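Subject: Structure for you to look at

Dear colleague,

Please keep it open while you read.

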Amino acid sequence: MNYKISFLLILLFLSCSDEELASLSFFVIPENAGSIEYDGNQNVTIGSNLKLEAVSNTSYEFVRWSGDISGSENPIDVVVNSDLNVVAEFQESNIILPDSDNDGVPDEIDLCPNSDNSLTVDENGCEVINEFDQSYVMVWGDEFNYDGKPDPELWHHQTLPPNPDGGWWNGELQHYTDDIKNSYVDNGSLKIVSIKENHVVNGVGRDYTSARLNSKFVFKYGRVDVRAKLPQSEGTWPAIWTLGANINELGNFHKDQYGSVGWPSCGEIDIMEQNGWDKNKLYGTFHWAAPNGSYASYGEVTDLNSSSDFRIYTVEWTKDQIKIMVDNQVYTVMNNNDQVPFDNLHYLLLNIAMGGNLGGNVSPSYSSDIMELDYVRVFQKK
Ligand SMILES: [Ca+2]
Ligand SMILES: [Ca+2]
């Protein structure tokens with residue numbers, strides 16, 4: 001150690017030993033509600049006076065001090081006789097902050113103070129523009145930035161088997177549940193999980209459980225982008241799709257409020273389907289009823305390397321045309337006209353079916369698999 005540094009350390013030691021310092025520890029409840037500020041430097045000596053101020057963040061208000069000090073005045077004067085643990089308690093504020101455009105973002109932090117309140121806005125209160133096509137703005141969606149069950153404001157669990165045999169259509173092998181093990185949100189994404197386990201609904205047993213979500217939102221025309229990673233196990237039949245909200249299917253969310261017709265008169269758009277035996281194939285398909293009432297469908301299949309990675313599955317639906325895309329590349333296109341009546345409100349469905357027509361054989365060693373969804377976004381033209 002050189003001479004100058006050791007001299008400095010001795011001085012510091014002497015100055016510290018002259019006046020004993022108190023250690024101050026600050027805590028805020030809830031953690032993100034605010035901060036504690038005080039006038040003075042970091043070195044608070046025993047016996048000194050201190051003014052502490054609790055400063056709340058937006059939408060919180062100060063309630064009381066606790067820990068080694070108590071009281072509800074703010075700022076508060078404290079005599080520091082020893083080390084102090086100081087807790088500032090806050091609660092969510094009942095004060096309603098002005099929000100001129102009624103988008104949930106207070107005026108003081110709203111960067112777009114005149115946004116259209118039928119649109120989805122970002123944390124700055126501004127409309128969200130589609131990343132591929134700037135003529136589209138977001139009207140509904142779920143970013144899955146929460147934990148637990150799918151948001152009940154946005155999603156309905158369809159669990160009642162509609163087939164008169166007590167199961168689901170297409171010879172599928174699952175029941176659907178609203179149990180958190182079959183659908184949950186964590187780490188920024190929704191997981192739909194199909195599990196090998198016996199489950200009985202209305203006396204009818206099945207060997208697999210899974211989840212089938214209906215969006216509570218309905219829309220006509222627009223663009224839907226869903227970023228998802230698909231299950232890879234043999235026998236899984238994942239689907240991201242729409243049905244006409246006028247379908248009379250038992251157990252769906254919308255019941256008869258938009259009409260009551262059978263399938264396929266309601267119309268169906270399969271934005272993403274995959275069979276159970278070739279996970280490098282992707283299906284985009286339309287089902288509808290021709291004007292004479294007979295069943296009609298049209299679809300294309302494309303190769304998809306690595307559906308185990310996140311890909312963006314899209315439908316762009318206008319009054320003239322419907323396009324199905326993966327990663328913004330079109331692979332199925334159909335004109336929308338009098339012969340192909342896709343001009344009614346639709347809702348979204350997300351599910352994994354097991355076995356059946358498009359799931360095929362399920363491996364005896366199957367235990368469970370997951371479809372992971374990063375976001376679901378619905379856009380419409382400005
Ligand atoms: Ca606002
Ligand atoms: Ca705004």
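In this predicted model, Ser25 stands opposite Asn85, a residue of β8, and the two strands concerned, β2 and β8 (residues 84-92), run parallel and are joined by six bridges. They belong to an open sheet of three strands, in the order β2-β8-β6, whose pairing is mixed. Because β2 (24-29) and β6 (60-67) stand at the edges of this sheet and have a single partner strand each, one side of each is left without a neighbour in the sheet. On average, and ignoring direction, neighbouring strands of this sheet are turned by 20° against each other.

The pairing of β13 with β14 (residues 204-210) is antiparallel and extends over five bridges, with Val200 standing opposite Gly205 of β14.

Why can β17 be described as largely enclosed by the rest of the structure? Nine of the nine residues of this strand (residues 236-244) are buried, so β17 is largely enclosed; a residue is taken as buried when 20 or more other C-beta atoms lie within 10 Å of its own. Thr236, Pro238, Ile240, Thr242 and Gly244 point one way from the strand, while Trp237, Ala239, Trp241 and Leu243 point the other way, and all of them are buried. β17 pairs in the antiparallel sense with β24 (residues 346-354) over nine bridges, and in that pairing Ala239 stands opposite Asn351. It also pairs with β18 (residues 268-273), antiparallel as well and over five bridges, where Asp270 is the bridge partner of Trp241.

The loop between β17 and β18 contains Trp263, which has 18 C-beta neighbours inside 10 Å and therefore counts as partly exposed. Leaving aside residues up to four places away in sequence, Trp263 touches Ile247 and Glu249. The C-alpha atoms of Trp263 and Asn246 are separated by 9.5 Å, although these residues are 17 residues apart along the chain.

Finally, some words on the chain as a whole, which has two helices and 25 strands. Its radius of gyration is 29 Å, well over the 21 Å that the globule rule gives for 382 residues, so the chain is more spread out than a compact globule. Along its principal axes the C-alpha trace spans about 95 × 50 × 50 Å. Of the 382 residues, 34% count as buried. Among contacts between residues at least 6 apart in sequence, 64% join residues at least 24 apart.

With best regards

Conventions. Residues numbered from 1 in each chain as written. Chains lettered and ligands numbered in written order. Predicted model: local features only at pLDDT ≥ 70, side-chain atom pairs only at ≥ 80, totals over all residues. Buried ≥ 20, exposed ≤ 12 C-beta atoms within 10 Å, placed from the backbone. Helix = DSSP H or I, 4+ residues; strand = E, 2+ residues; numbered from the N terminus. Pairing = 2+ DSSP bridges. Contact = placed C-beta atoms within 7 Å. Rg over C-alpha atoms; globule rule 2.2 N^0.38 Å. Axes fitted to C-alpha atoms, helices over the stretch in contact; angles between N-to-C directions.
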